[in-house]
Structures are given as C-alpha cells and as structure tokens.
Amino acid sequence: MKSSIIVDDRESRWFFTQQEYTEMAPKVRLAHDLLHSGKGPGKEFTGWIEWGREFDREEYERVKQVAAEIRNQADAFIVVGVGGSYMGAKSAVEMLCSTVNNGDGPEIYFAGHQLSSLYFANLLKKLNGKKEIYINVVSKSGTTLEPAIAFRILRGYLEERYGIEGARKRIIATTDREKGALKQMADKEGYRTFVVPDTIGGRYSVLTSVGLLPIAVCGINIDEMMEGALDGKKTCDEPSLAENPAYQYAVLRNLFYLKGKSIEVLVNYDPYMHYFGEWWKQLFGESEGKNHKGIFPASAMFTTDLHSLGQYIQEGRRNLFLTTLWFDKSPEDIVIPLLNNHEDGLDHLVGRNLDEIKNKACQGTMKAHSDGGVPNIKITIPEMSPYYYGQLVYFFEKACSISGYLLGVNPFDQPGVEMYKKNVTRLLEKPESTGK
Ligand code: PA5
C-alpha cells in the first residue's frame, strides 16, 4: 500500500489542550461503533463504506466499455446532473484531466446544474460545431428540476440532429435501479442505463457509476481510483483515533466548533482543485447543516484569494478555521528563469522550483493565520493522481460521517433541500382552469 493521507494540527495546537483532544477519543469510538454496526442514524445510506470491496463488477466493466466507446466515437460528452449527481465527477475531471494523457477523448461539458439560458445557448452553439455527441443523464429521482429541464433540451437537440434512433444510442442514463421518472423513460426509450445504488446518497456516490462513467470518459484510470479508495479504507476504518487520519480531522473540526469556530475554509493551492472544494462543500454542508447546527463549509484558492479574502482571514471575525489540502509532489516542475535586464528584485529565486516557492507561501500563510487567531489543519496528500483522488474521497466521506455523528446529526439525509424545491414547484404549477 502507498503512503496515506496525513493530518497535521501543529498550526492549531495553541487553540486546544491535549486533554480536550484525548477526551474526544471515546466519543469517536462510539461514533465508529455506531456507524460500523449499521445501527446509526441514516444507516440505510451507508453502502459507501463497503463499496470499494462490494461494488457490482459486471456493471463496473460495462462502465469501462461504454466509456471506451464514448472516447472512441464522441467529440463532445455532456454530463447532465446536479448536486451529488455531477459534483464528484466534475471535481475528478478538473483535478486529474490535466495530469493524464486524455489522448483523443471528447470535450466534456456539464449541464443540468443551473437554469441559465445564456449557458444553454452557448452550450448549444458549441455543440453545433461537434460531429458526435453523447449524453449521460444522471438523476436518481429523475424529477429534479435542473437536470430534467437540461435533459429535455438536450434530448430534443440530439433527436433533431440524429433522429430518434440515433439519439437513443447516444443517451446513457444513470438512475435508480427500479423506479423514478428517468428509469421509466430509459426503459421505454431503450437507453442504456447504469445504477445509482439504493444505499448510497448522491453526495457519497462519486465512486459508483454516477461519477465513474464521466471520469473514465475523461481517460482517468478508474482502477487506480478504486484501489486508492480501498487503501484509504484500511487507515480510515481504524477504530483508534491515534491511527485514523479521518477521525483526527473529524475531532479537530468538532473541537474547533465547540470552541466557537463555525466556519471552515477548505484551502487549496492548485486551480485544478476548485471543484474538489465544491464537492467537499456539498458533502459537509448537506451532511452536517441541520437541527440549527453545523460548521459552514467555504472554500478558497491560495495564493489567489490571499489577495481578496486574505485580509478577512487575517483580521476579520475570529469565527473561522482553515483546512489546507496540500499535495507533496507536483506532476510538473517549473523553474524560475534568469532574464537579463529584468529588475524585479527576484534574481535570488532564479533556478528555484515554483513548487518550492509555493511551499514557502503555504508555510508563511499558515503561520500568519495561526498567529492571527485562526487555527489551521493541514492535510497532506503525496500526489495528485487517480489513486489519491480515491483515497481522498474515502477519507472525507468517513470524516464527514463520523463528524456528523459527533455533532449529533444524521449525516446521510437532506430534508432541508426539499423546501426550495416545493416552493419552486408551486410557483411553476399550471394555473387552475377558471372554467371560462
Ligand atoms: O446529495 C444528494 O442527494 C443531492 O445533491 C442529489 O444528488 C441532487 O439533489 C440530485 O438529485 P437527483 O439525483 O435525484 O437528481
């Protein structure tokens, strides 16, 4: 097994005592036992825990075959989904597509996560310039407004371009095994389908067909990703707090919360990690924000946001803490060049690696924020690769579920999401006939 993810709390130790930390150990043990005994709140949605071992091999092979076909045939591939039905895929595609050789794979677009006419008009214009287009519509329920509308628009577009039969071959639906509007439509129309497992909620589903098909279409090695998740499981299933990095992270954030820190900012130092932050925000926000409790999850990209949010973090309200995602090894190596007559005062950096400079920026920033009263957690990942994407996913899913149990909430439901949906549905209802 390769190295594991490491949680480093050195820039936050001033904020809690060792006793406060060790007092959390028995609570974590209880939360661990509750989760692993399958008796905790939301127990019916804990299928992601054993997924790395128990996933459907036949479906997995089909994912790879269909992905290969799409890579071979398509110029454009559109993933239609919202929330947990697209964020994981987008985070992996953003993080890893620049590090793998995508070869001749299609351009990947995402739709169904908003209601912007401008976005659709521009997407359709781009598609007009493409010869072969495939769609993967991902929705467990099939009735979620944003992806349902996007699918309607894009299905119509495909049918116009390729005819009904031609469109049918190019539409793949990922949905419930048995029920729901999309499943019914897929069966009626004869679309190829993949399954959103019954026991895995949307935000925990990236390593199922929901995320794996788009990720494989991008040319990312999903075998390595699944292997990473399984290896992540070995450390992140350890019952002991001392041995388990996911539990260490869960304990730190709960300690900070109990001591008044109600906002967590997930910091990354790579633009390709932006969507990973979005995935993480959904995971923690939807899992913990209930019963008027929970840490508000925010994200930032450094050093970029040091020039916008940096002032607030350094000197604003002291209700936040930072969690930095740090990759030890970069896939690329850029060296600062020597230029004649370039008097920017940086000649002492010539020949040094950009990542070394980024490392110093990270150290200096964490120290400054820590000195300013903001606790910092650093999560170190050996490298940006499919394997470590898999490890990271399991690490955060495990941390999130234990953190939710420590907080006293069900980390696997999302009752609050229904409120806005009900209002929008009511506002869009067909007007009652007046009989005139
Ligand atoms: O995490 C979740 O459960 C949600 O974000 C859902 O994934 C999202 O609302 C989309 O739902 P559906 O897949 O039914 O369209």
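**Charges, overall form and one arginine**

The chain carries 52 positive and 57 negative side chains, and the centres of these two sets are 5 Å apart. Keep in mind as you look that this is a predicted model.

**Overall form**

- You can find 16 helices and ten strands in the chain.
- The chain is as compact as a globular protein of its length, because its radius of gyration is 23 Å, close to the 22 Å that the globule rule gives for 436 residues.
- The C-alpha trace spans about 70 × 65 × 55 Å along its principal axes.

- Buried residues make up 52% of the 436 in the chain.
- The accessible surface of the chain is about 20,400 Å², and carbon and sulfur atoms account for 53% of that.
- If you take contacts between residues at least 6 apart in sequence, 80% of them join residues at least 24 apart.

**A closer look at R203**

- Where does R203 lie? Look in the loop between β6 (192–195) and α9 (209–217).
- Is R203 buried or exposed? Its relative accessible area is 3%, which is under the 20% cut-off, so R203 counts as buried.

Conventions. Residues are numbered from 1 along each chain as its sequence is written. Side-chain values use heavy atoms; hydrogens and water are left out. Helices (H or I, at least four residues) and strands (E, at least two) are DSSP runs, numbered from the N terminus. The radius of gyration is taken over C-alpha atoms; the globule rule is 2.2 Å times the number of residues to the power 0.38. Buried means under 20% relative accessible area, exposed over 50%, partly exposed in between (1.4 Å probe, protein chains only). Contact means heavy atoms within 4.5 Å. Accessible areas come from the Shrake-Rupley method with a 1.4 Å probe; for residues, only the protein chains shown count as cover. Lys and Arg count as positive and Asp and Glu as negative; His and the chain ends are not counted. The place of a charge is taken as NZ of Lys, CZ of Arg, CG of Asp or CD of Glu.
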